[in-house]
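Please read this briefing alongside the sequence and the model.

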Amino acid sequence: MPYEICNSMTFYRIWHVFASLPQMERGVAKVLGGDPKGNNFLYTNGKSVIIRNINDHSRFVNCVRFSPDGNRFCTAGADGQIFLYDGKTGEKICALGGAKAHEGGVYAVSWSPDSSQLISASGDKTVKLWDVGTSTALTTFNMGADVMDQQLGCLWQKDHLLSVSLSGYINYLDKSNPDRPLRTIKGHSKSIQSLTVHKNGGRSYIYSGSHDGHINILSLGGGHTGENNDFSGKGHSNLVTKMAVDDADQLVTCSMDDTVRFTSVTKKEYSASNLVKMDVQPKHVSVAAGGLALAVCIGQVVFLKDKKKVFTLDSLDYEPEAGAIHPGGSTAAVGGADGKVRLYSVQGNTLKDEGKSVEAKGPVTDMAYSKDGAYLAVTDEKKVVTVFTVADNYSVKNDFYGHHAKVVTLAWSPDNEHFASGGMDMMVYVWTVNDADKRLKIPDAHRLHHVSGLAWIDEHTLVTTSHDASVKQWTLKF
């Protein structure tokens, strides 16, 4: 609650009280930080703030850290140097490693609990373990040769030494084997756009694709729950817009790099031979049994079979936005920006336009057939999900209202009786096909950004993802 302080001249109103720094030893200066050029360091002695000029670094200072016992502090800079100072007087003690501690800029340092050693992370793709008493490096951890192996952060937590790579991976360092981390935690460092789930060998795997082209693999079940991995080799170079797993255990993905990839989920390795180059940018992909795939591109619809383009629809009088192949492989449904869903007949290696179409409530954003092929669900920009009954000549089964903004993604439950939708309103709804009023609502499923992907692990477990770069798992009770 705000309160007022007054003297003879002025009233001061205090609106917020913030936590202060830890209590300092009176009369002893403690460094708080430095300016980017490393020329001026800020101290406090509990009563006042002191600015002191220290010009040992020739480039930006990236990090300043006190030893746990408070007797020393070190500074790390973009000049590759690490300087050690007396924690009470601020006088320089030494430079670790002599002229240079690292060949690249040093981005972070972290002290050992006993204040006798520290580790440093550098853009030269190494982490070094230093003995402070002798100013020498005891161990150099070589983290790789790729630009993404640059080390941007480090932490000494009890008995664990950790570093963070430019890729966003977290590495548990091994003193006895400095060229190979004990463990690497992998994940996304960019917003996630696409998601799917696949079961293999009795375990479920969550595949997610982000704006930088990275695809992450999260394993569930057994003793491997929560383990992250990725595919080896060179994959997509841009946003992964959509993904699905086909009946040959291949992850089929499309990307803004103008390609569609077919990657074995068992080999976990990208291959140039499993890449299909599109004429224009693809934005949606779906699969069906028999090696069939449908890629919806800007101004084109491409039909693929056994990882090859076999037919292309172009010179269209509408802009295609999403597509789905019936599980039986008989129909390819394509949703357009005009709100129509055109139903093409699959005849051998061609798509035949027989003039059949159905209407959504607005421009189509996503669509999918139920697992048994009984229904087609379509989402649109008018905040509606429409479900059509396939056997009844695609008549409308139900319209589903509830979202407060554009619906952008949907996924069918394995039970074929429920499906989930996610929108720009950051909400997820789980709908019952036979009763549009029976629904589960997950408000603020991702509070920072809209829901971008949905997938089901089983009838009661839903996975969501978002541009907040997180993957969430939900347990549902109907």
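The points below are grouped by topic.

This is a predicted model, in which local features need pLDDT of at least 70 and side-chain atom pairs count only at pLDDT 80 or more, while totals for chains, interfaces and linings use all residues. Residues are numbered from 1 along each chain as its sequence is written, and side-chain values use heavy atoms, with hydrogens and water left out.

**Overall make-up**

- The protein has 44 strands and zero helices; both are DSSP runs numbered from the N terminus, strands being E runs of at least two residues and helices H or I runs of at least four.
- Of its 478 residues, 50% are buried, where buried means under 20% relative accessible area with a 1.4 Å probe and protein chains only.
- Among contacts (heavy atoms within 4.5 Å) between residues at least 6 apart in sequence, 38% join residues at least 24 apart.

**Second largest pocket**

- The second largest pocket holds about 1100 Å³ of space.
- Its lining has 40 residues, and the closest to the pocket centre are Tyr-169, Lys-186, His-214, Asp-230 and Phe-231.
- Two or more lining residues come from each of β17 (183-185), β19 (203-210), β20 (215-220) and β21 (227-230), and β21 gives the largest share, four residues.
- By class, the lining of the second largest pocket comprises 10 nonpolar, 20 polar and 10 charged residues; Ala, Val, Leu, Ile, Met, Phe, Trp, Tyr, Cys and Pro count as nonpolar, Asp, Glu, Lys and Arg as charged, and the others, Gly among them, as polar.
- A pocket is an open set of points on a 1 Å grid over the protein atoms alone, where a 1.4 Å probe fits and protein lies on both sides within 12 Å along at least five of seven lines; lining residues have an atom within 4 Å of a point.
- The volume is the space filled by probe spheres set on the points, which are joined across faces, edges and corners.

**Four-stranded sheet**

- Four strands form an open antiparallel sheet in the order β14-β15-β16-β17; strands pair if DSSP finds at least two bridges between them.
- β14 (151-157) and β17 are the edge strands, each pairing on one side only.
- Neighbouring strands in this sheet are turned by 20° against each other on average, direction ignored; the axes are lines fitted to C-alpha atoms, and angles run from 0 to 180 degrees between N-to-C directions.
- Six bridges link β14 and β15 (residues 160-165), and Cys-154 has Ser-163 in β15 as its bridge partner.

- β31 pairs antiparallel with β30 (residues 320-325) over five bridges, and Gly-323 is partnered with Val-334.
- The β30-β31 hairpin has five residues between its strands, and Gly-329 there takes a positive phi near 80°.
- Five bridges also join β31 to the antiparallel β32 (residues 340-347), where Val-341 stands opposite Gly-335.
- Three residues separate β31 from β32 in their hairpin, and Gly-339 in the turn has a positive phi of about 85°.

**Two buried residues**

- Leu-84, in β8 (residues 82-86), counts as buried because its relative accessibility is 1%.
- With the same exclusion of residues up to four places away in sequence, Thr-196 touches residues including Tyr-205, Met-243, Leu-251 and Ala-455.
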